Structure formats: C-alpha cells, structure tokens
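Hi everyone, thanks for coming. Please have a look at the sequence and the model on the screen, and then I'll walk you through a few spots.

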Amino acid sequence: MNIFEILGPVMVGPSSSHTAGAVRIGLITRRLLAQRPVRAQIGMYGSFLATGRGHGTDRALVAGLLGMLPDDMRIPDSFDLAIEEGLDFTIGEISLRDAHPNSALIEVEGESRRKLCVQASSLGGGRILVNRLDDIDVNCTCETPTLIVHNMDQPGHVATVTALLSDCAVNIARMSLYRDHRGGRAVMVVETDQSIPADALRQMEHMDGVIKVTYIDVGGAF
C-alpha cells in the first residue's frame, strides 16, 4: 500500500468515489475520444445516481469531459464552462446489468463527428475501471500505458501485435481479449510497462483487419 492509497487523491469535492473518480471517468472518455467533445449523453447508475448530485458527481463527469483534473478548482462551475466551450450535454438515469454501483455510461461525439460509448466505474480512492467500450467488455484501469486494438475476429492479430511490441522492447504487463461473437468484432486490451513508440502504433493502424487503434499513456496518474 502506498501513501496515495492511505490519504486518497488530491481533489476538489467531498468524495473520492463520487467526485474524483467521476472526474477521471470523464477525462478518460475525452482521451479515448482523442478530440474535443461537442455532445455528450451522460447516464448515472446506482450510488452515482442516488447520491451523486449532492456529491457533485454530475458536475465532476462534465468537468472531466472538459479536460479537468480532480484538483481543478473550476469543477463546481463545469456546467457553465461547458456552455462556454460548446459542449452540449444531458444527464439522466441509466439502467445497467451487473454493474458496479458507482457507474456511468457516457455516449460522446467529437468535433469531427467521431462517436464513442464508454461505461466506467469508480472503485474508491479516485481509482476507476473502464468496463466497456462501444458495447465490448474491456475492464482496464488505464493507469499504465494501455493499447486498445479493435479488429476483426480473425487468426493472427494477437501474434502480430505482440511480436511488434517485442521488437520495440515493450513488455506486456497484462493482456485481455474480448469479442462480440465468433468471427465478428474483437478487442485486444494490452497494458504495458513501457510507452509504445508512435511508429509501432502507426504500423498497427495499417494492419489488415484492424478497425481502430487507441493508445492511452497518462504517466501513471491523471
């Protein structure tokens, strides 16, 4: 256990789960979208829904979408700032199956009309888990460099990606594989000990059968 786990995150707001964690959910959604969001539909579930407004969870989620960190003093004013920055958002109730009680579902659209759906949960102490991306399970924290490859469910993709990482001297810490159905769409989630070079990412993007490559490297904290 480190001192962060004992004391909790540096943050604005009353709750590491309902406020700091919510900011990080919004922020990781923005980083996964990889561009400025212009529209967002935010659904809160469980404890987030029951007590979230009192703890500022709704404002925290919007603050994260605007790119704020948990210690940003502007978090309570995020609704007004969203209007100023052109983020059109709605917040409501969402029903999720077998989800963590501190969960949110964010459907977001970027300025180039790229769309993304993220389901994530706040685990306590400001830590979060991204549970689903575009209706596919991923279950990653994104606390270490994280590679997310969307590809067709065909032989060879895992071997090609892992070989490329090996050639770059990038060690795999954890790896998870998901698919919607056999022969359909698949997702490869690879958490690494080292950052992945930009050239390797570009090679992955041009592989046959690869639909999308998303890479997150927040330096161990955000």
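Let's start with C142, which counts as buried because its relative accessible area is 0%. Please keep in mind throughout that this is a predicted model. What is the closest cysteine sulfur to that of C142? The sulfur of C140, at 3.7 Å, and that is too far for a bond. A disulfide would need the two sulfur atoms within 2.5 Å. C140 is buried as well, because its relative accessibility is 1%. C140, then, is in no disulfide, with the sulfur of C142 as its nearest cysteine sulfur.

Now to charge pairs. Side chains of opposite charge can pair when their charged atoms come close. In this model the count comes to 11 salt bridges, and I'd like to show you three of them.

One is between the side chains of E111 and R36, at 3.4 Å from N to O. Where do these two sit? E111 lies in the loop between β3 (102-110) and β4 (115-124), and R36 lies in the loop between α2 (16-33) and β1 (37-46), so the pair ties together parts that are 75 residues apart in sequence. As for R36, it counts as partly exposed because its relative accessibility is 30%.

The next pair is E109 with R39, whose side chains meet in a salt bridge at 3.1 Å, N to O. Are the two partners buried or exposed? E109 counts as buried, at 13% relative accessibility, while R39 counts as partly exposed, at 40%.

R202 is partly exposed, with a relative accessible area of 44%.

While we're in that part of the chain, have a look at I196, in the loop between β9 (185-192) and α7 (198-205). I196 counts as buried because its relative accessibility is 5%. I196 and L147 are 49 residues apart in sequence, and their C-alpha atoms are 8.4 Å apart in space.

Next, the surface. Which residues gather in a patch of negative charge there? They are D77, D80, E84 and E85. E85 is found in the loop between α5 (78-84) and β2 (88-93). At 35% relative accessibility, E85 counts as partly exposed.

A34 has a phi near 65°, a positive value in a residue other than glycine. A34 is found in the loop between α2 and β1, the loop that also holds R36. A34 counts as exposed because its relative accessibility is 56%. D98 also has a positive phi, near 55°, and D98 is not a glycine either. D98 is in the loop between β2 and β3, and it counts as exposed, at 75% relative accessibility.

That's my tour; I'm happy to go back to any of these spots with you.

Methods
Residues are numbered from 1 along each chain as its sequence is written. This is a predicted model: local features need pLDDT of at least 70, side-chain atom pairs count only at pLDDT 80 or more; totals for chains, interfaces and linings use all residues. Side-chain values use heavy atoms; hydrogens and water are left out. Patches are made of residues with over 30% relative accessible area and no salt bridge: like charges are joined within 9 Å, nonpolar side chains (Val, Leu, Ile, Met, Phe, Trp, Tyr) within 5 Å. Accessible areas come from the Shrake-Rupley method with a 1.4 Å probe; for residues, only the protein chains shown count as cover. A salt bridge is a side-chain nitrogen of Lys or Arg within 4 Å of a carboxyl oxygen of Asp or Glu. Lys and Arg count as positive and Asp and Glu as negative; His and the chain ends are not counted. The place of a charge is taken as NZ of Lys, CZ of Arg, CG of Asp or CD of Glu. Helices (H or I, at least four residues) and strands (E, at least two) are DSSP runs, numbered from the N terminus. Buried means under 20% relative accessible area, exposed over 50%, partly exposed in between (1.4 Å probe, protein chains only).
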